[in-house]
Amino acid sequence: MPVGRSASRTLLRLWPYVRPVRARWAGAAVVAVMASCLGLVFPLVLKWIVDGPVTDRDPGGVWLGAGVLLALGVAEALLFGLRRWLVARPLASVEAAMRADLYRHLQRLPVAFHDRWASGQLLSRGTTDLMVVRMFLAFPLTFLIVNGVTICAGLALLVVQDWGLGLVLLAPAVPLIAVCYRFEHGYAQASRRAQDQVGDLTTVVEESVLGIRIIKGFGRHRSQARAFRDLSSELRGTELVKARLLAGILAVITLLPEAALGAALVIGTTQVADGALSAGTLVAFLSTALALRWPIESIGFLLAMSQEAATATRRYFEVLDAAEEDPRVRPADAAVPEQGRRLPADGLRFDGVVFRYPDAAEDCAPTLAGIDLHIRSGETMALVGATGSGKTTLTALVPRLYEVTAGRILLDGQDIAALPREELRTLVSMAFEEPTLFSASVAENVLMGAVDGTPEQVERALGVAQADFVRRLPDGVDTEVGEQGLSLSGGQRQRLALARSVVGGPRFLVLDDPLSALDVHTEAAVEAALRRVLADSTALVVAHRPSTVLLADRVALLSGGRITAVGTHQELLRTDAEYRYLMSGESDEGEQA
Ligand SMILES: Nc1ncnc2c1ncn2[C@@H]1O[C@H](COP(=O)(O)OP(=O)(O)OP(=O)(O)O)[C@@H](O)[C@H]1O
Ligand SMILES: [Mg+2]
C-alpha cells in the first residue's frame, strides 16, 4: 500500500540534511548493533555455565561465568552510552539546519503565500514537527535497524540451537507483519490529523495572545476559550485514536510471541525430561527468546514514531516546496538598461496595470482593472479613493509584494519586473497602513529602512516624522519597543514607521495613509517636514483627509479599479463629484489650508 512505502520515500527526503553527519550517525548505529548483539551472548554464557560448571558442581567455574556476564553487561552499557554521545551533537545540528532553512524560506515566500497560510500552522512546523524529526533520527531510525538485526541474529541463534523449537517461536512472525502493515496505514492518517490540529490550536493561541486587547475589550474570553476547548478536545480525540491503535498493536505484538514462548517452554521441558535436549540448551534457548522480547515489543512504538516523523517531514516539506518569489523575472518586452547607462528621470509610471488577488474567486472583477498613471520625477501624487477601492493594493504592487496580473510598472523607464528585487527595494521605500514594529530598539526599527544607515540619518528621519517623543523615552533611540511596538501609542508607532520609510532618502516613496493617527497639529508639523523630503523623491501618498492631500502636487482618484481623474485638489473639487463627496467631510479645512 502507498502509505508505508510513501512514508519511507518521504523520510528519504531528509537525506540531504543527514548527509553531513552520516559518518557519525552510521558509527553510532554500528555501535548500537554491537551493543544489542552483545546481549545475545549472555544466553550462550548461561548455557556454558549450566551444562559445564553447574552440572560438574564446580563453584570456581560458576564465579568465572558470573564474572564474564558482569563484564558483558558493563560493555553493553558503555557501548550504548557511546552511541548516545556520538549522535547527540550531529542531530542537534541537523535540526538547527532544517529550522534555519524553513525560516529563510518563509522570509522568501511571496506575501500571497502568507495570506493563505495560518501562522500557527507555520509555527508548529518550525517547532513540534522538527523536534519529532530529530527524535526519529536519534532513536526510531537507529533502533529499527538495531532491533531488526538483533531479531534476525537472535532467531538464527534459536534455529541453530534447536530448529524445531525455533520454528515454533518464528510462527507468529507472519500474522505480526500483517498486523504491523495495517497499523501503519491507520496510524499515518491519525498522526497527520493530530499534527494539523496542533497547528490549528497554535493559531488560536497565537491570535488570542496578539488580540488580547480585543478579547478583553469585548469580553470575549468565554467564546474564545470555547473555541480553544473545542479544538483541544478534537486533538484529544485524535490522540486517543492514536493511543487505541498503539494499544492494539502492542497487545498483539506482546501476546503472540509470549504464547509462542509458552508453547516452546512446554515442548522444550518435555524434551529435556525425555533426555532429547540438554538443560543448558533449553536455558540458553529460553533466555535468547527473552532477550528478543524488548526488540520485538518496541517495534510497535518505533513504527508509530517513524510514522509520526514521516508526517512531520511531509508537513515540513509542504512549506519548503512552496515556490519562492522569483528573484528576478525578465519579461521579453521589458526595457532593460545597459550596464552603467542611466535612464532619463521619468518618475513612476503605471501602464495598463491589472491586478487580481491570487486567491480571489474566478468570476469576480479584478481589484485593479487597468491603471494608467504617471507620477513625474520629483512629483508627489496623492491617491484618493473610497475605502476598499484598492489603494493599498496598488501601493503594494510597486515594491512587488504582489505581482501584477497584467500591465507594467516603470521606475524611471525601467520595468520593475526586470529589476533585481534588492535593487528595487533600495529604490522604493514604504510606510504601510499598519505601522508594524519589531521587538528591537527604536533606532534598529528605523534603520530597517536603510542598510548601513548612520545615527545622523536616524536623527534626521525621526525629525521628519516629528518623533520627538523618542527623546523622552528612558533610553532615547536605544529604548526597546515591545513586541509589535504595543508599548507605544498608535500615533507614535505611525511616526516611527514613517521615519523608517524616509531614513534611506529613497528615490521613490510610497506612503499608505501615513498620518491617519496624528492630531491636526502634529500632522501639520509632519507635513511641513515631509514636504522637504518629498521634494527630492517621487512619491505616491494614499490620503483620506484633505490635509494630507494638500501635501501633494496632484491628486489621482481611484474608482472602480481605474484612475478616473487626475488633477490638483482644487481642480478635482471643481470638476469631480465623487472626489467632492469623498473630501466633503472635512472640505472646509481643506479649502482653508
Ligand atoms: N490579501 C487579499 N486577498 C484577497 N483580497 C484582498 C486582499 N487584500 C485586500 N483584498 C480586497 O481588495 C479590495 C481592495 O482592498 P484595499 O486594501 O486595497 O483597499 P483600500 O483602498 O486600501 O481601502 P482602505 O481605504 O480601507 O484602506 C478589497 O475589496 C479587499 O477585500
Ligand atoms: Mg488601504
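**Close-up views of the predicted model**

**View 1. Who sits around ligand 1.** Ligand 1 is surrounded by 15 residues, and the closest are T387, K391, T392, T393 and E433. Keep in mind that this is a predicted model. Sort that shell by class and you get 8 polar, 4 charged and 3 nonpolar residues. Which helix gives the most to the shell? That's helix 15, running over residues 391–397, which puts in 3 residues.

**View 2. Side chains that reach ligand 1 with polar atoms.** Let's start with T393: one of its polar side-chain atoms lies 2.5 Å from an oxygen atom of ligand 1. K391 does something along those lines, with a polar side-chain atom 2.7 Å from an oxygen atom of the ligand. With Y357, look for a nitrogen atom of ligand 1 instead: 3.3 Å separates that nitrogen from an N or O atom in the tyrosine side chain. How much of ligand 1 does the protein cover? On its own the ligand has 640 Å² of accessible area, and the protein covers 64% of that.

**View 3. Helix 5 packed with helix 7.** Now for a pair of helices. Two packed helices are described by the angle between their axes and by how far apart those axes are. Here the partners are helix 5 (residues 59–108) and helix 7 (residues 119–138), which pack at an angle of about 155°. Their axes are 9 Å apart. Because angles over 145 degrees count as roughly antiparallel, helix 5 is roughly antiparallel to helix 7. As for handedness, the crossing of helix 5 and helix 7 is right-handed.

Technical notes. Residues are numbered from 1 along each chain as its sequence is written. Chains are lettered from A and ligands numbered from 1 in the order in which they are written. This is a predicted model: local features need pLDDT of at least 70, side-chain atom pairs count only at pLDDT 80 or more; totals for chains, interfaces and linings use all residues. Side-chain values use heavy atoms; hydrogens and water are left out. A residue is near a molecule or strand if one of its heavy atoms lies within 4 Å of it. A polar contact is a pair of N or O atoms within 3.5 Å; within protein, one must be able to donate a hydrogen and the other to accept it, and residues adjacent in sequence count only if both atoms are side-chain atoms. Accessible areas come from the Shrake-Rupley method with a 1.4 Å probe; for residues, only the protein chains shown count as cover. Helices (H or I, at least four residues) and strands (E, at least two) are DSSP runs, numbered from the N terminus. Ala, Val, Leu, Ile, Met, Phe, Trp, Tyr, Cys and Pro count as nonpolar, Asp, Glu, Lys and Arg as charged, and the others, Gly among them, as polar. Axes are lines fitted to C-alpha atoms, for helices over the stretch in contact, and angles run from 0 to 180 degrees between N-to-C directions. Angles under 35 degrees count as roughly parallel, over 145 as roughly antiparallel, 65 to 115 as roughly perpendicular and the rest as oblique. A crossing is left-handed if the near helix is turned anticlockwise from the far one by less than a right angle, and right-handed if clockwise.
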